[in-house]
Amino acid sequence: SSIDPGWSSVSGDDEFIAAAYRNIFGREADPDGSAHYRREMAGGRMTRTEMVRHMKNSWASSCGTRPLA
């Protein structure tokens with residue numbers, strides 16, 4: 001799963017997280033979720049691509065569809 005080219009060029013992590021929330025979930029990022037992803041990326045535990053995959057799988061699970069590979 002790759003990052004959507006429409007918002008992959010966002011430079012700052014906060015802006016990237018906000019764009020990902022808007023594009024994947026159709027809403028603004030909640031403070032806890034935003035802080036979680038910010039910590040994961042800052043700590044080197046998650047890349048932007050991994051974050052997007054995680055978000056999409058979370059969304060798919062909540063809809064009862066199959067997670068992405």
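Which residues of α1 are buried? Hold that thought while you load the chain. This is a predicted model.

**Whole chain**

Start with a cartoon view. The protein has 3 helices and 0 strands. From the N terminus on, the elements run α-α-α. Now colour by accessibility. Of the 69 residues, 32% count as buried.

**Stop 1: the segment before α1**

Select V10. V10 lies in the segment before α1. V10 counts as partly exposed because its relative accessibility is 23%, and the cut-off for buried is under 20%. Show its surroundings. Leaving aside neighbours within four places in sequence, V10 is in contact with E15, F16, A19 and R48.

**Stop 2: helix α1**

Select residues 13–25, which form helix α1. Check the length with a distance between the end C-alpha atoms. At 1.5 Å a residue, the 13 residues should span 18 Å, and the end C-alpha atoms are 17 Å apart, which agrees.

Now the opening question. The buried residues of α1 are F16, I17, A18, A19, A20, Y21 and I24.

Step just past the end of the helix. G26 takes a positive phi of about 70° there.

**Stop 3: the aromatic cluster**

Select Y21, F25 and Y37. These three form one aromatic cluster. The structure holds 2 aromatic pairs. The rings of Y21 and F25 have their centres 5.2 Å apart and their planes at 55°, so this pair is tilted; edge-to-face would need an angle over 60 degrees. Both residues sit in helix α1, 4 residues apart, so they are separated by about one helical turn. An α-helix has 3.6 residues a turn, so residues three or four places apart point the same way.

F25 has a relative accessible area of 24%, so F25 is partly exposed.

Next, centre on Y21 and Y37. Their ring centres are 6.4 Å apart and their planes are at 70°, so the pair is edge-to-face. This pair links distant parts of the chain: Y21 belongs to helix α1, Y37 to helix α2 (residues 31–42), and they are 16 residues apart. Both Y21 and Y37 are buried.

**Stop 4**

In soluble globular proteins, nonpolar side chains tend to be buried together.

**Stop 5: M55**

What does M55 touch, not counting residues up to four places away in sequence? The list is I17, A20, Y21, I24, F25 and Y37.

Terms used. Residues numbered from 1 in each chain as written. Predicted model: local features only at pLDDT ≥ 70, side-chain atom pairs only at ≥ 80, totals over all residues. Heavy atoms only, no water. Phe/Tyr/Trp six-rings, centres within 6.5 Å; stacked < 30°, edge-to-face > 60°. Helix = DSSP H or I, 4+ residues; strand = E, 2+ residues; numbered from the N terminus. Buried < 20%, exposed > 50% of the residue type's maximum accessible area, 1.4 Å probe, protein only. Contact = heavy atoms within 4.5 Å. Expected span 1.5 Å × (residues − 1).
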